[in-house]
Every structure is written in structure tokens, then in C-alpha cells.
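I opened my notebook to look up a few side chains. My entries follow.

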Amino acid sequence: MMRADITRPQLAAVTGFTFLMLVAGMALPALVVNMTLSARDVGGLMMPPGMIMTRDLPGEAMQDMAAVHPRLVTYTASKEATGDHPLIPQIEDGVKVFHLETSVIRWHILPDVEVDAYAYNRQIPGPRLHLTEGDRVRIHVKNTLPESTTVHWHGLIVPNAMDGPGDITQDPIPPGGSYTYEFVTQQAGTYFYHTHDNVDRQQGLGLYGALIIDPHDTATAPKADHEYVIQLQEWLKRDGLTYPAMLMEGTLPNYFTINGKAYPATETIRMKVGETVKLRFIGSNNNFVHPMHVHGGPFTVVARDGEVMPEAARFRADTVNVGPGQRYDVVWKARNPGKWLIHCHIPHHTSNNNTEQAGAGGLTMLIDVGEG
Ligand SMILES: [Cu+2]
């Protein structure tokens, strides 16, 4: 008969050590790994490279920051497609009726750079709503995004139920659902509309558009020979994926657009010496205050946040800080022929993924002034 020569203390030590390792093996992952996430929360989410990931990050935050899954794109706009097209209303019993539809699209911000974006009516920015003070408007919104959404009419006096903040004044419009907004415009000037549900993600991915309201008495509006609306936006595109740009580690933007295009794909304003242009700057972006600067001499600031300033309050400047949500109308006069720049004065915002193309990038556009 063989007899084990193991002692009781030895047996106790091996058993105890094994038990301790078993407990450590179960406890350690809970200390270094995010055990609160389930596959249901995160599914196939793709997170921005370099994003700070900690073990207390909830799945909801990851959904907010994740890339737009390329498989969700339902429409690819042509390279030449532009946004901000006037939306023509139907008139029903004196009411101007508009239709907005959200969807996931692929959009060219440069001929060789496309983003996967959230869009109103398949364009970025969304279509322009051009109204007149006193108009009654009805806007049918259909949501074909993979997530809920709402629309907010930024700066407008509206009934509370028409204001748009999701889960606060209305139930968010579910995927496949619709909501109808109706109000009478009581103001005039430069306004915009944007999503008010998961704004951090949805507006950053493209859900915004201009709302321009003419005054009832056009004599009150500051005059200019030309007019141009400038809507700002920030994008994060890496390794073929588009993430909503946010002002935090790992999610800072690397592309910047005026009306959905980065320079040199931005439009050029054409005018003659002696003529004036009214530039309507809209802070439709989510993160940065953009110091927008115009070359070739000062402009006059004539309106702020839609409100026309009295003559005595108007002032001359060559740079105006356009913060998220703000609007500035400025009138600039062409004094000399040539190519004059409109650009953000944070130089990184005038580059495309940190490179200059044709002398600039991002938040840059030209005014081409011909001899008078
Ligand atoms: Cu800027």
C-alpha cells in the first residue's frame, strides 16, 4: 500500500492558496474591467480611437460617442451635392406646410472625404426654411434614424409643446415615428433649427438647418447687395468612420465645414467693387467659439441672434466670435478687387485633417471681387 506522505498543514496551505486564487480571479476583472456593460448595451459599437475608457463608463455614453455604423447609411449624396436648399412649402388654408425627414446619409465634405451623417432631407445643412414674420407654419417631421429625435426652433417664440426638447416638452419621436410642429412666427431675422434629443451626438452628426425670417416691414431690415448664410460645423473622421465630434479627449474634430463643405470645396461669393454683402453667421456647431474673420477691411455688425441692432448700437469690426447657438449678421463692403477670405481665426479650424489644401482648409471661403 502506497501512503501519501503529505502533512495536514501542507494540504491546508495548498487548499487555501487555491481558494484565494479563485476569489482573486473573480474579483480582479471587476476592478479593472467595466462589468456594467452588456452586449445588449454596446452591440457592435465602434468607439473613437484614443477615447478615454474607464470602468465606470455606461453603455449609454458609448452609444452617444460611437461611430455611425456604415451599414446604417441609406442614401449616398453625390460629390457635388450641396445643402441649405430652400424648402418650398405647400399652402393649406393659409398655413405654410413643410416636410422634414431625418435619415443616415453619406455626405462629401470634400471631393475625396465623405462622412456618415444624420441629415434632414438628405442634405447638410438641412433645407432652409425661409419664412415671413407672421407666417403660420406646420412642419411634419418624420424620423427614419435608428434612434429617436426631435426638432427645436432655436430662438423662436413658440408654444411650449412645440419647442422640441426631448423627454421635457415632448416624447422623442421614435424611429419610424412622426411629429407635427405648428406655430406662428412672431420674429424676424437669422435663426436656425436643430435636433434637441441626444444633441451632443445628433447635431454633431448634421441635424441642423437655417431658418431665415423676413420682417413684415422690409424697410426695417439692414440692406446689402448680396446675402450669404454661413453655417458652421465640426467633424471627426478617422479610419473610415465618422464619430460625433465633441470637445473632450479622443473625440476632438479634425474636419470643419461651412454649409457642409470644407475649403476648397466651399462656395465662393462673387461681387463687384462698391457692392455690399450681408453675411449671416450661424453657430450651428456644437463645440467651439469660432472667431470668424473677413479680409479686406472691416464689416459692420448689424444684428445679433436675429435682433436687428439700432443704428447707434451697430459697430465696425473685422472678427466676430460666433459661439454655438449664436448668430451674427454683418455687412461687408468690397473695397478692392481680388480674392478676399472669410475664415475662422483658430488656424487648426482652417485645416483638413491637419493639412492645408489650396492655401487653407476647413472654415475658409472666398469672396471674389471684380472691378466695379
Ligand atoms: Cu474655429
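I looked up H349 first. H349 has 2% relative accessibility. The cut-off for buried is under 20%, so H349 counts as buried. The model I am reading is predicted.

Next I checked C344. Its relative accessible area is 1%. C344 is therefore buried, with the cut-off at under 20%.

What coordinates the copper ion? I found H290 through ND1, C344 through SG and H349 through ND1. The distances run from 1.9 to 2.0 Å. I also noted how these donors are spaced along the chain: H-x53-C-x4-H.

I then turned to the aromatic rings. I count 5 aromatic pairs. One of them joins Y120 and Y193. Which strands hold the two residues? Y120 sits in strand β4, residues 113-120. Y193 sits in strand β9, residues 189-194. The pair links distant parts of the chain, 73 residues apart.

W153 belongs to strand β7, residues 152-154, and lies 40 residues from Y193 in strand β9. Both W153 and Y193 are buried.

My last entry is the aromatic cluster. One cluster takes in Y120, W153, Y179, Y181, F183 and Y193.

Conventions:
Residues are numbered from 1 along each chain as its sequence is written. This is a predicted model: local features need pLDDT of at least 70, side-chain atom pairs count only at pLDDT 80 or more; totals for chains, interfaces and linings use all residues. Side-chain values use heavy atoms; hydrogens and water are left out. Rings of Phe, Tyr and Trp (its six-membered ring) pair if their centres lie within 6.5 Å; planes under 30 degrees apart count as stacked, over 60 as edge-to-face and the rest as tilted. Helices (H or I, at least four residues) and strands (E, at least two) are DSSP runs, numbered from the N terminus. Buried means under 20% relative accessible area, exposed over 50%, partly exposed in between (1.4 Å probe, protein chains only). Donors are N, O and S atoms within 2.8 Å of the metal (3.2 Å for Na, K and Ca); water is not among the atoms, so sites may look incomplete.
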